[in-house]
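Student: I have a structure here and want to know what lies behind the labels. Can we go through it together?

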Amino acid sequence: MTNRLYYYDSFLYDFDARVVESLPREGRHAIVLDRTAFYPTSGGQVHDLGVLIADGRQIAITEVADEEDGRILHFAAQELPVGMQIHGSVDAARRRDHVQQHSGQHVLSAAFIRLFNMPTVSFHMGEESCTIDLETAGLSTTQAQKAELLANEVIAEDRPVGIRFVPLEEARQLGLRKLPPRQTGDLRLIDITELVQL
């Protein structure tokens, strides 16, 4: 299981780790590290990009995927041997953009729930836009504008965002809108003060 450094610090871009597995996967080469700051594709958020630096070489990371067993696969342009020490460097601009889009999406989704009881059923983050699908028969321009206004007010207030970890049973009692289907161990919760728990 890979130690997920990004769980504790979303703004960690550089880290040191050791290669614990090196394997072919889907016609490409995948590297598993003992620890990583690379965020994998998950929950509508796309994966990080960056490089692994080993023996003076920079090896591009082109995709990062989350396995059900807790391993994180780093798809790399070159193979690295098991046991090798590496330095990882995440594309900071891409990460910041993803963090902002993902946080903004949750604020907007919370605004639609609070104002109109319209939950978000899916979310997609892209290079140029971020979209949400709402559970509703229809959405008026006025409703969209009201949700946008509330979301913008919350963002302008610069409310604190906190991270905490709770056991799954405790999470079930918190009235969260959605729990991950295959959750094991503690659940990572993001709290936006007086607005939403994710």
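Predicted model: local features only at pLDDT ≥ 70, side-chain atom pairs only at ≥ 80, totals over all residues.

Student: What makes the contact between aspartate 66 and arginine 4 a salt bridge?

Tutor: Compare the distance with the cut-off. The side chains meet at 2.7 Å, N to O. The limit for an Arg nitrogen and an Asp oxygen is 4 Å, so the pair counts as a salt bridge. A search of the whole structure finds 9 salt bridges.

Student: Where in the chain do aspartate 66 and arginine 4 sit?

Tutor: Aspartate 66 is in strand β6, and arginine 4 is in strand β1. They are 62 residues apart, so the pair links distant parts of the chain.

Student: Why is arginine 4 called buried?

Tutor: Its relative accessible area is 11%. Buried means under 20%, so arginine 4 qualifies.

Student: And why is aspartate 66 called partly exposed?

Tutor: Aspartate 66 has 32% relative accessibility.

Student: Aspartate 69 or arginine 71: which is buried and which is partly exposed?

Tutor: Arginine 71 has a relative accessible area of 14%, under the 20% cut-off, so it is buried. Aspartate 69 has 43%, between 20% and 50%, so it is partly exposed.

Student: Now the helix. How do you know that the span of α2 is close to the expected one?

Tutor: Helix α2 has 16 residues, 141-156. From first C-alpha to last, α2 reaches 22 Å, and 22 Å is expected at 1.5 Å a residue.

Student: Which residues of α2 are buried?

Tutor: Ala147, Leu150, Ala151 and Val154. Seen down the axis of α2, the buried residues fall within an arc of 95°, so they line one face.

Student: What covers the buried residues of α2?

Tutor: The cover includes α1 and β12. On the face turned away from the buried side, α2 carries the exposed residues Thr141, Leu149 and Ala156.

Definitions and conventions. Residues numbered from 1 in each chain as written. Heavy atoms only, no water. Helix = DSSP H or I, 4+ residues; strand = E, 2+ residues; numbered from the N terminus. Buried < 20%, exposed > 50% of the residue type's maximum accessible area, 1.4 Å probe, protein only. Expected span 1.5 Å × (residues − 1). Arc of directions from axis to C-beta. Contact = heavy atoms within 4.5 Å.
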